Amino acid sequence: MSKRRIIAVVTLLGGVYYFLKFFLPPDYGGRALESQWANVSRFWRVMGSVMIGLGVINIFRVYGRKVVKKAREWPESIALLLAFMGTIAVGLVDVLKTVDVSTFTGVQAAQAAEPSAFTSIYWDVMFNGVLMSFGAAIFSLLGFYITQAAFRAFRVRSFEAALIMASAVFIMLGALPMPVLSDVLPEWLGGIRTWLLTGVNVGVQRAVLVGSLAAGLIMAVRMWFSLDRGGAMADGGGGLR
Amino acid sequence: MTIRRDIGALVDWWSRFRDDPRAELRRLPGALRRFPKALLLWLGGLDRRIIYLLTALALIIPLSCELMYAPPRMAQAEKLFDFIEGMKERDERSLVLVSVDWGPQTRSELEPATLAVIKHCMYSRVPVVVMTLVYAAQGFTVEIPREAIDAVEKARRDAGLPEDEVKVVYGRDWINIGYQLGSVNAVRGIASDLPSQVSTDVNGTPLSDFPIMRDVANADDFGLMVEITGYVGFANMWLQWFKKEKPVYISLACTSVSVPESYAYLDSGQFVGLLEGMPGAAGYDRKLEETLGIPHAEKTYRAMTQQMFGQALVVILVVLGNLAYVVGRRVKEAA
């Protein structure tokens, strides 16, 4: 059996478990499937850990090859690999120093390790100093782009566009402090925001939700039976022979 | 380059004015009549870097001037407030689970909400369990409760309570069970059999050592679950999987961009309250101050004021952009 078919069979069996666990009555096998839930859950967690391992190998293969062959962006690849290995080393040193392997129970035990001064500084610089600041900085760029997009693209070209713009303005203004305007603006203006969110918006959101769930169901079935393009059961895939 | 062109036009005008000021002044009435239209046409082609500069100024000036205005009342945030207040009297299940599921990207919006909810629980002596499903939020599960404890103890001291009633005790009033690996599986594990899913707190001490966790077996033992997240799908995940036999009350604090979709669950009663981004958190903080006397977090009010200036700029730019669009279209049609 080819690799693709093995994946298809495992996917099918995984789906069958969840399907039957949900639909079978307790006395007709449902309880037995439910009792295996802890093992299945553990299996997925183990698989998650395996995926992390695969990711590590993949990073070394992709960026290591770039460094060895001095391909494009090889200096960045060295930086990535050094940062990667440094972070793993610092994390592992403290874990191995303080955790008794025989009582190792996963993440909780790793968190119990008291970090050394060097590790604390390393985490402080890399996490609070670099990762946090970069993450916040990149995300805050959105504010600048949104302001520019609002100015450039938010044009009242039609009646619908005017409705959307008016809604946006009411919703924004309704949630802001009004140091000067609060005495001037009538109270019902705040009520418009509430009505838009609880009335108009809820209906639309439900419609979107039902539509996306229907689409999700179709996608799930296609994945379950490997019917997607390139899957074992897709046209030309050859089926599960 | 638009900026260079505009600066060039300004320099040309200045040199003309310097050469012959009277001639320029004679042109002034006509120029003033044409000014609004010309200004709007100029605005229509405004360089994006000027907009970025205006945005930066709108955000930096209120912060550096330490401007601070009281936020508006938020009805959905007050629903959560009333629910937590009611927990003390309503039933025997008064344990609150707070999941801090956000990272550095959404910190500015969700940290105030996390702080406000934890402060409230601690002050009202509603025991609270803090955890996270996001690796990057591990530090916040330590920092934010520490900040909340300082605020609560200060408020109690200011209220004149005796010293033994001031302290917030770890293991009795709150506990941190830290980062839980496994997303949906972690949620399902906590909901169905908490002791087998989480054996120790964040410091590695067995949960059974803490009075707060002694009789906690599954989701049925929680009176409320507060999900604080900026990630797509997390709120739905808790709604779908965090239950055992009894219905669990769930509330959400989310980023402003997720507010519209959250209203569907609020309307159906699946969420008992909603903290809508920073306005929701600031509104909650205001309610805490007005009702319980816990001083508001200054950084929350300042951030809210900063947001007010930013959004006011957006509204002004949208209006000006549309006026420029209308004028530009008429000019084109006339030509």
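Predicted model: local features only at pLDDT ≥ 70, side-chain atom pairs only at ≥ 80, totals over all residues.
1. If you want a spot to start looking, B:Ile250 stands opposite B:Phe271 in strand 6.

2. How many residues of strand 6 of chain B are buried? Six of the six, across residues 271–276, so this strand is largely enclosed by the rest of the structure. A residue counts as buried here if 20 or more other C-beta atoms lie within 10 Å of its own.

3. On to the domains of chain B. Domain 1 comes in two pieces, 2–65 and 324–334, while domain 2 runs over 75–308. Their C-alpha centres lie 50 Å apart.

4. Now the contact between the chains. Chain A puts in 42 residues and chain B puts in 47 residues. On the chain A side, five elements each supply at least two residues: helix 3 (37–68), helix 5 (107–112), helix 6 (117–153), helix 7 (159–174) and helix 8 (188–224). Helix 6 of chain A gives the most, with 13 residues.

5. What about the make-up of that chain A side? The residues touching chain B divide into 25 nonpolar, 13 polar and four charged.

How values were computed. Residues numbered from 1 in each chain as written. Chains lettered and ligands numbered in written order. Contact = placed C-beta atoms within 7 Å. Helix = DSSP H or I, 4+ residues; strand = E, 2+ residues; numbered from the N terminus. Nonpolar A, V, L, I, M, F, W, Y, C, P; charged D, E, K, R; others polar. Domains from an automatic or database assignment. Buried ≥ 20, exposed ≤ 12 C-beta atoms within 10 Å, placed from the backbone. Pairing = 2+ DSSP bridges.
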